[in-house]
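Please keep the sequence and the 3D view at hand while reading.

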Amino acid sequence: MNAPDPSPASAWPVWPDYALVEDLLPSLRQFAHDGRVALATLVATEGPSPRPLGSEMVIAADGRVAGYVSGGCVEAAVASEAAMVLAEGRPRLLDYGVGSDVVDIQLSCGGRIGIFVRELVDPSAYVAALLLARRERRTVTVLAGAASGAWQIRDGACEGDADTYAIVQRPPLRIVAVGGDPVTLAVARLAPFLGMEVMLLRPHGPQTPPPGLDLVSYDARSLPVALAELVLDDRTAVYSLSHDAEVDHAVAARALRSPAFAVGVLGSRNKIDTRVQRLREGGIGDDELARLHLPAGLPIGAQTPHGIAVSILAQVSQRDRARMP
């Protein structure tokens with residue numbers, strides 16, 4: 001069995017810009033506004049896979065795509081199959097890699113993947129439901145019928161069955177950055193490129209946020225007021241980059257008493273023991289301190305604001321990945 005040629009409706013991009021789209025909902029909304037749309041989901045992996053289960057790709061009727069489900073090995077073929085799904089009105093389960101009947105597409109990782117492709121019925125309702133869950137910071141599961149492609153959304157992380165694929169949709173990672181120095185700005189500027197939302201706190205700072213930043217919120221109120229109203233969940237990391245010992249301590253203590261999955265403080269290694277002892281004296285235990293990173297960031301030898309920001313965001317990503325099954 002040979003793979004179909006890429007859809008003639010649109011020449012396949014010579015550069016994979018589509019794979020750099022972290023948030024598929026805006027593309028899905030736009031594609032659906034212009035016509036019918038298909039959704040491809042990575043639902044099975046055997047052996048190594050460059051993408052995690054649940055990775056998705058949106059394909060418009062005119063051939064435009066956003067997102068990716070492999071390392072670039074199968075995306076053109078998936079887009080062509082999606083065009084057939086839209087033409088025939090029936091979902092397809094695609095099988096690529098070692099042992100697959102598609103002999104002219106091999107995965108460079110040496111594994112095998114299954115991709116479920118279906119037309120997304122009522123995409124406006126789908127997008128609205130997921131955007132609402134995102135705003136409310138709720139984890140939901142999209143259940144897609146294997147035979148029909150029909151979908152429903154349930155709260156929480158659910159499992160599918162022989163007749164249903166389950167795609168868990170979690171809120172975006174969020175980082176709370178406290179401070180107003182160049183590192184803080186670099187973190188706030190780079191985080192959205194990794195799909196992270198940013199909340200910026202600068203106690204007694206300017207009334208307007210820095211220009212050009214994509215922020216969930218900016219809070220310039222006094223630190224006690226800002227921390228008292230700060231809502232933290234287990235998809236949020238908190239990093240104090242203030243260079244002020246009292247601010248750093250207050251932020252770390254507040255964050256370690258919350259579900260925040262990572263907490264960091266920028267500063268000298270010479271002050272680690274003093275900072276930790278003060279937190280212990282304030283009632284912070286070993287389990288809470290296990291989430292604390294002192295100093296903030298992975299030890300990559302960074303000395304520039306952007307370099308330090310990269311080390312911090314890499315640490316957040318590493319910490320999040322480490323808790324996944």
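## Overall build

The model described here is predicted. The protein has 325 residues, and buried residues make up 46% of them. Its C-alpha atoms fill a box of roughly 65 × 40 × 40 Å along the principal axes.

The protein contains nine helices and 14 strands. Among the contacts with a separation of 6 or more, 59% are accounted for by residues 24 or more positions apart.

## The open sheet of S6, S7 and S8

Strands of a sheet pair through backbone hydrogen bonds, either parallel or antiparallel. Three strands, in the order S7-S6-S8, form an open sheet with antiparallel pairing. Strand S7 (151–155) and strand S8 (164–169) stand at the edges with a single partner strand each, so one side of each has no neighbour in the sheet. With direction ignored, neighbouring strands of this sheet are turned by 25° against each other on average.

Strand S6 (residues 140–145) runs antiparallel to S8, and six bridges join the two. One point of reference is Val142, whose bridge partner in S8 is Ile167.

Strand S12 (residues 236–240) is largely enclosed by the rest of the structure, because five of its five residues are buried. Thr236, Val238 and Ser240 point one way from S12, whereas Ala237 and Tyr239 point the other way; all are buried.

S12 pairs in the parallel sense with strand S9 (residues 174–178) over five bridges. It also pairs in the parallel sense with strand S13 (residues 262–265), over four bridges. Val238 takes part in both pairings: it is the bridge partner in S12 of Val176, and its own bridge partner in S13 is Val263. From S12 the chain crosses through helix H6 (residues 245–256) to S13, in a right-handed β-α-β crossover.

## Helix H3

Helix H3 (residues 123–135) has 13 residues and reaches 18 Å from its first C-alpha to its last, close to the 18 Å expected at 1.5 Å a residue. Its buried residues are Pro123, Tyr126, Val127, Leu130, Leu131 and Ala133. They cover an arc of only 160° around the axis, which puts them on the same side of H3.

Helix H1 (25–34), strand S1 (37–46) and strand S2 (56–60) are among the elements that cover these buried residues of H3, and the cover also includes S6, S7 and S8. The face of H3 turned away from its buried side carries the exposed residues Ser124 and Arg135. Just after H3, Arg137 takes a positive phi of about 55°.

## Helix H7

In helix H7 (residues 272–281), the residues Ile272, Arg275, Val276 and Leu279 are buried. Seen down the axis of H7, these buried residues fall within an arc of 95°, so they line one face of the helix. The cover over them includes H6, S13, helix H8 (286–289) and strand S14 (292–293).

Exposed residues Asp273, Thr274 and Glu281 are carried on the face of H7 turned away from its buried side. Just after H7, Gly283 takes a positive phi of about 100°.

Terms used
Residues are numbered from 1 along each chain as its sequence is written. This is a predicted model: local features need pLDDT of at least 70, side-chain atom pairs count only at pLDDT 80 or more; totals for chains, interfaces and linings use all residues. Side-chain values use heavy atoms; hydrogens and water are left out. Two strands pair if DSSP finds at least two bridges between them. Axes are lines fitted to C-alpha atoms, for helices over the stretch in contact, and angles run from 0 to 180 degrees between N-to-C directions. Buried means under 20% relative accessible area, exposed over 50%, partly exposed in between (1.4 Å probe, protein chains only). A crossover is right-handed if, with the strands pointing away from the viewer, the path from the first strand over the helix to the second runs clockwise. The expected span of a helix is 1.5 Å times one less than its number of residues. The arc is that of the directions from the helix axis to the C-beta atoms. Contact means heavy atoms within 4.5 Å.
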